[in-house]
Amino acid sequence: MSAGEESRVASGPRRAVPIEELRGILGPGRVLTSEADRLSYAYDASFGVYVPDCVVQPKSTEEVQAVVRTAARERIPLYPRGSGSCLSGGPLPVYGGIVVDLSKMDGKLEIYPDDLVAVVSPGVRTLDLQKAAERHGLFYPPDPSSSRISTIGGNIAENSGGPRGLKYGVTRDYVLGLEVVTADGRVFRTGGHTIKNVTGYDLTRLIVGSEGTLGIVTEAVLRLLPKPQARRTALAIFDDLVVAGKAISKILTSGILPGALEIIDQACLRAVEAFRPSGLPVDAEAVLLVEVDGHPAAVDDEIRQAAEICRQLGARSVEVAADESARDRLWFARRQISPAIARIKPTKISEDATVPRSRIPDMFAKLREIRNKYGVELVVFGHAGDGNLHPNILCDLRDREEMKRVEEAVAEIFRAALEMGGTLSGEHGIGTMKAPFLTWQLGEVGVEMTKRIKRAWDPNNIMNPGKIFPEPGKDRLVFTS
């Protein structure tokens, strides 16, 4: 099946969704068909609006199976969705069809402290899992910025990360097993409750990050860690963004592995202070937020070393948080960046191109060059310790000339990251936003091999079609028509 044939399977001719049959499966209250309801599921935290034909809200694996079987029989597209906090367009119903809202499927959250394992439903919020683990003295490290609203199912679909990814890894590193509904409505399980498992192909890791294109996750077995005994946090203030990047590299090559190492540029600092004043230095070109965790004695020594490295490389000042209250204030300011910068202009394009750690200063310099070259409002923050930067372009979709410059800037950001040995996405996923550029990274053979997996698992292309793979003749992100 060619790319064009795959697109035609999903895009036409449109078949009517059997609404009454779905109501018979779920009940009338969990099949949403009003215009207001459908519009509320037509967007996520990225770009684009696509209205589904209806929305279903299953609460059990059996209900998901029944919905999938109905859709498979009629060849109607299915779009699994969590809370809609995705930044890459992952759950957008680009061909209409049925949005499968899994946020109501949140009934299971079981902690097995002796095994360091949690078993959860896909609709469980990330923060709720973290709090449940902490009640047992345990720790679930993945912490996307949207953890207060994001769901575990969405985290698994996009392989979400967060600030702690530097030391602890991303969602994939904590998924031990899954229950999955296939594209024809069958159920299978991968992995289990054990850390070691080399039985056959690693289907668990294949599903994590597949963005709902291979099946629908209905349960997950997740690895937990003992909670670190102590943590210390410091804020280092720099008058040069590139110098701040060099400090990041120096810290990481000094033998210190921070629990988190974040960067915030001047535009973000000013936006946060205008939004919710937090005492950040608006005259600085950048600040680093450095956090170390572990044994109390080691933590005290490592935060002192990190602070000294920053001073040696030219930090104007370094403030070490004296207690948890001071630490919370620093992280509160970090969490305000996205809502704060969103107030600058009505459209926010959030990217997460990632580069090797050694190329972080080079990427900062390149982003500055791109900002000046295209005259765009480009701000930078992100998980700089693992090279996972978040260049955000603030613009106005109604300004066609500006959006053409934005298109060029986005393409150049991706090209720069790849030329430096990086990747298109560190944690947001491909979705619709990066699909046009997939061949740049994987090459023609890599894309074809990926499509073969998709065809084997979903021959009728009903599972989240229109995601990951570039459409024929589309090799760039287009905001204007």
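**Close-up views of a predicted protein model**

**View 1. Lys454 in helix α16.** Let us start with K454, which is found in helix α16 (residues 438-457); helices (H or I, at least four residues) and strands (E, at least two) are DSSP runs, numbered from the N terminus. This is a predicted model, in which local features need pLDDT of at least 70 and side-chain atom pairs count only at pLDDT 80 or more, while totals for chains, interfaces and linings use all residues. Residues are numbered from 1 along each chain as its sequence is written, and side-chain values use heavy atoms, with hydrogens and water left out. Is K454 buried or exposed? K454 is buried, because its relative accessible area is 5% (buried means under 20% relative accessible area, exposed over 50%, partly exposed in between, with a 1.4 Å probe and protein chains only). Not counting residues up to four places away in sequence, K454 touches T213, L214, P459, N461, M463 and F469; contact means heavy atoms within 4.5 Å.

**View 2. V181 in strand β8.** Here you can find V181 in strand β8, which covers residues 175-181. V181 counts as buried because its relative accessibility is 0%. Beyond its neighbours within four places in sequence, V181 is in contact with T61, V64, Q65, V68, R186, V187, G215, I216, T218 and M463. V64 is 117 residues from V181 along the chain, and their C-alpha atoms are separated by 7.4 Å.

**View 3. I263 and the largest nonpolar core.** The largest nonpolar core has 64 residues, and I263 and L288 have the most contacts inside it. Such a core is a set of buried Ala, Val, Leu, Ile, Met, Phe, Trp, Tyr and Cys residues joined through side-chain atoms within 4.5 Å. Helix α15 (residues 400-419) gives the most to this core, with nine residues. Leaving out residues up to four places away in sequence, the residues that I263 touches include L241, I248, L288, F364 and F381.

**View 4. Stepping back to the protein chain.** Along its principal axes, the C-alpha trace spans about 65 × 60 × 40 Å. Buried residues make up 56% of the 481 residues in the protein chain. Among contacts with a separation of 6 or more, residues 24 or more positions apart account for 73%.
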